[in-house]
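Welcome! Please take a moment with the sequence and the 3D view, and then we can walk through two places together.

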Amino acid sequence: MDISPIEDLKITPDVVQSYPGPSGGREAIVVIDNGSYNCRAGWMLNDRPALTFRNLLAKPRKDRNKKDVDAVTVPVTQIGNDIVNIEAMRLQLRTQFDRNVVTHYNVQEQIFDYIFTKLGINTKNAVTHRIMITECLFNPNYCRSLMSELLFECYEIPGLCYGVDCLFSNYSNKRAKNGLIIATGYHTTHVVPIINGRIVVENVRRVNIGGANMIAFLHRCLQLKYTIHMNAITLSRSEGLLHKYGEFAYDYMDSLRHWASLEYYEKNVKKIQLPYNQTTVAPTLSTEQKVEKKKENSRRLAEINARRREERLAQDEELLGQLQQLEESAEDGDDIRDALAEHSLKDAGDLKRMIMTVNSRIDKTRVKINTPVVGNSVPPPDTEKLLQPPPNMTIEEWVEETRRKREAILEKRQARRQRKQDLAKRRTAAAQERMRIISHLARKEKGSDDFGMRDEDWDVYKQISREEDSDNENENERLLECEIILKQYDATYEDPLLLMSGSAAELYQLHLGVERIRATEILFQPSIIGSYEAGLSETIDFVLKLFPAEQRSCLVEGIFVTGGCANIKGFKERLTREMREMLPFEAKFEIELANDPLVDAWHGASKFCLTETFRQSLITRSVYEECGGEYLKEHFNSNVYFPTPKVSADQLLG
């Protein structure tokens, strides 16, 4: 099974382009696909958008702790591709969207500044280009009014046109006038019926499930599965895993039964390697190298001991000279009390005893120095000797018995460690037994405090603490002997140390199994994440039943799928199965995916700018001032305009 390394998102900052560019000069139209996930902007005649970036803004908070700084530095606001590391700025990220509707226009203004700056527009106090911008399906009039006000009043653009991204994608792929558009977005999924080239407004339905929900669900599933790697499993990495390995199951329940099979799991699981620090393993030495290394260590230790003895001998000889000088002074009748106090001696008797002790110590040190080191050779370690089984047992029986002994020692050691952990907890049986014994001792002979004076008291103490002793040396020796035997005679035995060093990479691996289909399944079964809404197939069935039979057949013959989720593997096959189940027997239907589900909306808007319909649908400055910001000139790729009802003063007061 191949192991794929985790791929972190690599973002390249956008550069400021030359202006005016080769796309029509200063009269060119700026096309903006303002999506809730990605924003795409560029000039009308370009083959691809000049800018593609996440519709996000990151503004670091001010550091208010630095009070000694005279001028408070304003944090630099990062937008789009300027945010190189999204996870590092996760808590500071902002977006202008609430689901798929623009509601925060202070953020939208900064996004527009970024777009016009990177496109190189350097006209003074205004943007002298017409704007073609997408909006969400059924965008509220109030939100459109604020968007128009922002563009006309802040940037003083000469003209503005609105359109819907899924309709532009349908236009770019030159679809028929009758059909059903499945628009899968980052936050929502729409089912849009089209009759005679215009959307049937009253029959459009929305499912509040999109790519963001799939990413969040996969992120949570992996964090619950690998709690030890919770910090390493980020939203950005989950997003990359969904895009690369996510897929729609053709039959979800049948796929679950397949994943329950170990053989199928081993064949289809995707192993992802998280980054980790490789521990360096010291190279193993041969028997001769080990013996030479021990000889070298013994020689160095002997040199160190000899050097220390010589230093100690010099110190003792110096001390002996001082003490003998004191003794001569005492014989001459001098006062040596201060000198004796310096050496912590009381009288002349202590001085003589001290001289004898130092003399004895000097003699012993000289004997050790003069005695040659016998035998520097180190015998080979016992671990390298080939042990032999007892005469009454075969090798197979001996190995089996040794394996049982080793398992018994490990079980005993594990039980002892578990008991230690239980004693640290208050309500465990071991801790309660310990407290019972101590309380029983406290009740005996309350008037006396001589616990520990009798032998039976120490027996009780041993009963309390006998399980708390660490692994004794005898047990370690027996365990080592068992491991040596198994290494020499058992071919199936694996050294635990080698296993730990070899499995370091495996400890940092993610196994993507059933999560690959579970995360995407929420689009068809929102109940998996606790949503009460109908799934995509039920919504399509509901929309089709709103039409008569003859129109229904026209709609299903032109099903068009666009949006980011259309790129996920298996979406067309799953939708084909769902449509076959809901339609009558042998009913004809056709499902087509967009050529480029992500960029076709921008391409359609760019092509639409070349038509006469665009010039007729353009909202100029004069139209804006006359009709207001919410006004919309309808066309076949736009929303339907419903004027906001006017409320009289009497109705407001009443």
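Leaving aside its neighbours within four places in sequence, which residues is Ser236 in contact with? Keep in mind as you look that this is a predicted model. The residues that Ser236 touches, once those sequence neighbours are set aside, are Ile86, Glu87 and Arg90.

Let us stay with Ser236 for a moment. You will find Ser236 in helix α5, which spans residues 235-245. Is Ser236 buried or exposed? Its relative accessible area is 15%, and buried means under 20%, so Ser236 counts as buried. Two of its contacts can be described further. The side chains of Ser236 and Glu87 are joined by a polar contact of 2.6 Å, and a polar contact of 3.3 Å links the side chain of Ser236 to that of Arg90.

Now let us turn to a pair of helices. Two packed helices are described by the angle between their axes and the distance between the axes. Helix α3 covers residues 165-172 and helix α20 covers residues 600-608; their axes come within 7 Å and cross at roughly 75°. Angles of 65 to 115 degrees count as roughly perpendicular, so α3 and α20 are roughly perpendicular to each other.

Which residues meet here? From α3 come Asp165, Phe168, Ser169, Tyr171 and Ser172, and they meet Asp600, Ala601, His603, Gly604, Ala605, Lys607 and Phe608 of α20. The residues of this contact comprise 5 nonpolar, 4 polar and 3 charged.

Terms used
Residues are numbered from 1 along each chain as its sequence is written. This is a predicted model: local features need pLDDT of at least 70, side-chain atom pairs count only at pLDDT 80 or more; totals for chains, interfaces and linings use all residues. Side-chain values use heavy atoms; hydrogens and water are left out. Axes are lines fitted to C-alpha atoms, for helices over the stretch in contact, and angles run from 0 to 180 degrees between N-to-C directions. Helices (H or I, at least four residues) and strands (E, at least two) are DSSP runs, numbered from the N terminus. Angles under 35 degrees count as roughly parallel, over 145 as roughly antiparallel, 65 to 115 as roughly perpendicular and the rest as oblique. Contact means heavy atoms within 4.5 Å. Ala, Val, Leu, Ile, Met, Phe, Trp, Tyr, Cys and Pro count as nonpolar, Asp, Glu, Lys and Arg as charged, and the others, Gly among them, as polar. Buried means under 20% relative accessible area, exposed over 50%, partly exposed in between (1.4 Å probe, protein chains only). A polar contact is a pair of N or O atoms within 3.5 Å; within protein, one must be able to donate a hydrogen and the other to accept it, and residues adjacent in sequence count only if both atoms are side-chain atoms.
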